[in-house]
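Could you walk me through this structure in plain words, for someone seeing it now for the first time?

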Amino acid sequence: MPVNEPVRHEVRDRVAHLTLNRPETLNALTPAMRDRLIDLLEEASASPAVRAVVLTGTGRGFCAGADLRGGGGSGDRITGDVARVLRRGAQRLISAVLDCEKPVLAAVNGTAAGLGAHLAFACDLVLAAGSARFIEVFARRGLVPDGGGAYLLPRLIGPHRTKELMFFADALPAPQAERLGLVNRVVPDADLEKTAGTWASRLASAPTRALALTKHLVNASLDTDRATAFAAEAWAQELNMTTEDAREGLRAFAERRSPEFRGR
């Protein structure tokens with residue numbers, strides 16, 4: 001794994017580790033980094049060798065959002081250009097996290113701002129170092145939230161809390177983010193990597209297809225009615241019962257032993 005790669009990628013013990021590696025910019029995302037993340041998430045989703053994903057950053061930042069240097073408000077635009085770039089860029093990145101068939105764990109090591117915050121919130125589980133903070137920075141720049149923020153946050157914490165964070169653009173310390181429900185757990189900075197490794201190991205040992213179907217059901221439930229959700233649940237059960245892991249889980253229960261899931 002090249003040390004100087006802006007997105008470092010390594011698969012260890014069935015876990016894909018994706019590390020944003022531009023510490024001098026607090027890991028602000030360039031278009032190339034964003035596209036690389038999308039490709040790696042899609043690869044992890046399809047690879048039988050990967051059963052969980054950990055996303056983190058180097059240095060003091062998790063991700064400071066999109067790298068806006070050189071892309072300010074000057075220059076002529078054709079109507080539709082901004083929307084097109086957003087659809088193909090930030091929105092596609094958030095969708096890659098939400099649609100990944102493997103559980104994605106964010107290990108937020110520092111500042112997560114703008115798109116960087118939404119990248120963390122889109123993950124299935126969020127661990128945060130005690131020094132981490134989350135900033136809905138858009139209003140400070142005269143911008144509208146992007147990267148799915150106005151979709152994600154109301155579903156996580158409700159519209160009033162969301163508007164407070166987005167209107168005032170104040171930094172939200174990790175402990176407060178945990179109290180709001182944006183973070184699963186806050187740990188001392190020195191323990192973040194170890195805790196993320198422990199959680200990732202548990203995810204990688206779990207029934208992978210069952211977790212994928214569970215993720216789909218939970219995510220889809222936020223946009224559907226009860227009848228549709230119940231129908232999806234029934235089909236997910238039907239599909240899952242064809243997997244080797246489901247059969248192993250039932251055998252292990254009958255034999256009063258711990259199951260050994262193989263991810264298929």
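Let's start with a pair of strands: strand S8 (residues 133–135) and S9 are joined by three bridges and run antiparallel. Look across that pair and you'll find Phe134 standing opposite Leu172 in S9. Bear in mind as you look around that this is a predicted model.

Now step back to see where those two strands belong. They sit in an open sheet of four strands, ordered S4-S6-S8-S9, and the pairing is mixed. Going from one strand to the next, the twist averages 25 degrees. As a bit of background, the strands of a sheet pair through backbone hydrogen bonds, and they can do that either parallel or antiparallel.

There is another sheet to visit. This open sheet has six strands in the order S1-S2-S3-S5-S7-S10, again with mixed pairing. Its edge strands are strand S1 (7–12) and strand S10 (185–187), and each pairs on one side only. On average, neighbouring strands here are turned by 20 degrees against each other, if you ignore direction. Zoom in on S1 and strand S2 (residues 15–20): six bridges join them, and they run antiparallel. Within that pair, Val11 stands opposite Ala16 in S2. H1 packs on this sheet, touching S1, S2, strand S3 (52–57) and strand S5 (104–108), and its direction makes about 15 degrees with that of S1.

What about the inside? The largest nonpolar core has 47 residues, and the ones with the most contacts inside it are Leu37, Phe62, Val108 and Phe134. Helix H1 (residues 31–46) gives the most to this core, with six residues. Take Leu37 as an example: leaving aside its neighbours within four places in sequence, it is in contact with Val7, Leu18, Leu20, Leu29, Leu55, Leu93 and Leu119. There's also a second, separate core of 14 residues, which includes Val187, Leu192, Ala196 and Leu203.

Last stop: two helices. Helix H2 (residues 81–88) and helix H3 (residues 90–99) pack at an angle of about 20 degrees, and their axes are 3 Å apart. Angles under 35 degrees count as roughly parallel, so H2 is roughly parallel to H3. Where they meet, H2 brings Val85, Leu86, Arg87 and Arg88, while H3 brings Ala90, Gln91 and Arg92. Sort the residues of this contact by type and you get three nonpolar, one polar and three charged.

Technical notes: Residues are numbered from 1 along each chain as its sequence is written. This is a predicted model: local features need pLDDT of at least 70, side-chain atom pairs count only at pLDDT 80 or more; totals for chains, interfaces and linings use all residues. Side-chain values use heavy atoms; hydrogens and water are left out. A nonpolar core is a set of buried Ala, Val, Leu, Ile, Met, Phe, Trp, Tyr and Cys residues joined through side-chain atoms within 4.5 Å. Buried means under 20% relative accessible area, exposed over 50%, partly exposed in between (1.4 Å probe, protein chains only). Contact means heavy atoms within 4.5 Å. Axes are lines fitted to C-alpha atoms, for helices over the stretch in contact, and angles run from 0 to 180 degrees between N-to-C directions. Angles under 35 degrees count as roughly parallel, over 145 as roughly antiparallel, 65 to 115 as roughly perpendicular and the rest as oblique. Ala, Val, Leu, Ile, Met, Phe, Trp, Tyr, Cys and Pro count as nonpolar, Asp, Glu, Lys and Arg as charged, and the others, Gly among them, as polar. Two strands pair if DSSP finds at least two bridges between them.
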